[in-house]
Amino acid sequence: MNKIVKRIQELSTLANLISNDSELIQQINSVIEVMSDAYRNGKKTIFCGNGGSAAEAQHLAAELSGKFLLERKPLPAEVCHANSSFVTAVSNDYDYTLVYNRHIEAFGNKGDVLIGLSTSGTSENIVKAFQTAKEKGLTTVSFTGNTGGLLNELADFCIKVPSENVPRIQEIHLLMGHIICEKVEQSLFGNE
Ligand SMILES: O=C(CO)[C@@H](O)[C@H](O)[C@H](O)[C@H](O)COP(=O)(O)O
Ligand SMILES: [Zn+2]
């Protein structure tokens, strides 16, 4: 089969699989409720990820804090890697695995929601951030691949994409993130 067609079909097969996964759909619904409640209580969302998942994290944060589908007020959302001076200083003076953890120490507050995107679920900087987030009373949500890795046990909600294919998992993460942004926006501003 043509490689291009094969890749497209991998994604559509995976999307089809999760569209029939009632447990996963229920988890997405729970995350929408948790985030909407957090915003109603004046809290924020913090996203984190590495590599392509860092780009997805900041993409989703911008949908909330900038603009998505509705005309409405901005919702506070940020990523752990946006300040390059902070990232380089903490990496240089301490360790890269502590960067996101330190961001949560500095900016995470009880009732905020931390969303970590990690295909393996084992990225050490995300794991450490989740440990600190738990101690500080944030609600933790992970988007992972099929096993959930270490984040499966650590996160309050671990949404596992049933695949080991890193780019396809990331593409589904973005789909789920977009759905969550749409529904949170709808739940907070839908009747305005
Ligand atoms: O975008 C990609 C692969 O599609 C890469 O940049 C990928 O995100 C990086 O290798 C990450 O470091 C992988 O981390 P994780 O998903 O295991 O947490
Ligand atoms: Zn990529």
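## Ligand 1 shell, cysteines and annotated sites

The count of disulfides here comes to zero, taking a disulfide to be a pair of cysteine sulfur atoms within 2.5 Å. This is a predicted model, so local features need pLDDT of at least 70 and side-chain atom pairs count only at pLDDT 80 or more, while totals for chains, interfaces and linings use all residues. Residues are numbered from 1 along each chain as its sequence is written, chains are lettered from A and ligands numbered from 1 in the order in which they are written, and side-chain values use heavy atoms, with hydrogens and water left out.

- Cys-48 has 0% relative accessibility and counts as buried (buried is under 20% relative accessible area, exposed is over 50%, and partly exposed is in between, with a 1.4 Å probe and protein chains only).
- Cys-158 isn't in a disulfide either: the nearest cysteine sulfur belongs to Cys-48 and is 13 Å away.
- Cys-158 is buried too, with a relative accessible area of 5%.

**What surrounds ligand 1**

- The shell is made up of Asn-50, Gly-51, Gly-52, Ser-53, Ser-118, Thr-119, Ser-120, Ser-123, Val-166 and Gln-170 (a residue gets in if one of its heavy atoms lies within 4 Å of the molecule).
- Sorted by class, that shell has nine polar residues, one nonpolar and no charged ones (Ala, Val, Leu, Ile, Met, Phe, Trp, Tyr, Cys and Pro count as nonpolar, Asp, Glu, Lys and Arg as charged, and the others, Gly among them, as polar).
- Two helices, H3 (52-65) and H8 (166-189), each supply at least two shell residues (helices are DSSP runs of H or I with at least four residues, strands are E runs of at least two, and both are numbered from the N terminus).
- Gln-170 puts a polar side-chain atom 2.6 Å from an oxygen atom of ligand 1 (a polar contact is a pair of N or O atoms within 3.5 Å; within protein, one must be able to donate a hydrogen and the other to accept it, and residues adjacent in sequence count only if both atoms are side-chain atoms).
- On its own, ligand 1 has 450 Å² of accessible area, and the protein covers 62% of that (areas come from the Shrake-Rupley method with a 1.4 Å probe; for residues, only the protein chains shown count as cover).

**UniProt binding-site records**

- UniProt's unreviewed entry puts "binding site" at Asn-50, Gly-51, Gly-52, Glu-63, Asn-92, Asp-93, Ser-118, Thr-119, Ser-120, Ser-123 and Gln-170 (positions follow the numbering used here, feature names are shortened, and annotations may be inferred rather than shown by experiment).
- Those positions span 121 residues of sequence and are spread in space too, with up to 32.5 Å between C-alpha atoms.
- Asn-92 is in helix H4 (residues 84-93) and is exposed at 67% relative accessible area.
- Asp-93 is also found in helix H4, and its 56% makes Asp-93 exposed.
- Under "binding site", the unreviewed UniProt entry also lists His-59, Glu-63, Gln-170 and His-178.
- His-59 has its place in helix H3 and counts as partly exposed, at 32% relative accessibility.

**Loop residues and their contacts**

- Lys-44 is in the loop between helix H2 (22-40) and strand S1 (45-49), and it counts as buried at 14% relative accessibility.
- The Lys-44 side chain reaches the backbone oxygen of Phe-107 at 2.6 Å and makes a 2.6 Å polar contact with the side chain of Asp-112.
- Ser-163 lies in the loop between strand S5 (157-160) and H8, and is buried with a relative accessible area of 12%.
- The Ser-163 side chain reaches the backbone nitrogen of Asn-165 at 3.0 Å.

**Along helix H2**

- Gln-26 lies in helix H2 and counts as partly exposed, at 47% relative accessibility.
- Gln-26 and Ile-8 are 18 residues apart along the chain, with 26 Å between their C-alpha atoms.
- Ser-30 lies in helix H2 and is buried, with a relative accessible area of 18%.
- Ser-30 and Phe-157 are 127 residues apart in sequence but 8.4 Å apart in space, C-alpha to C-alpha.
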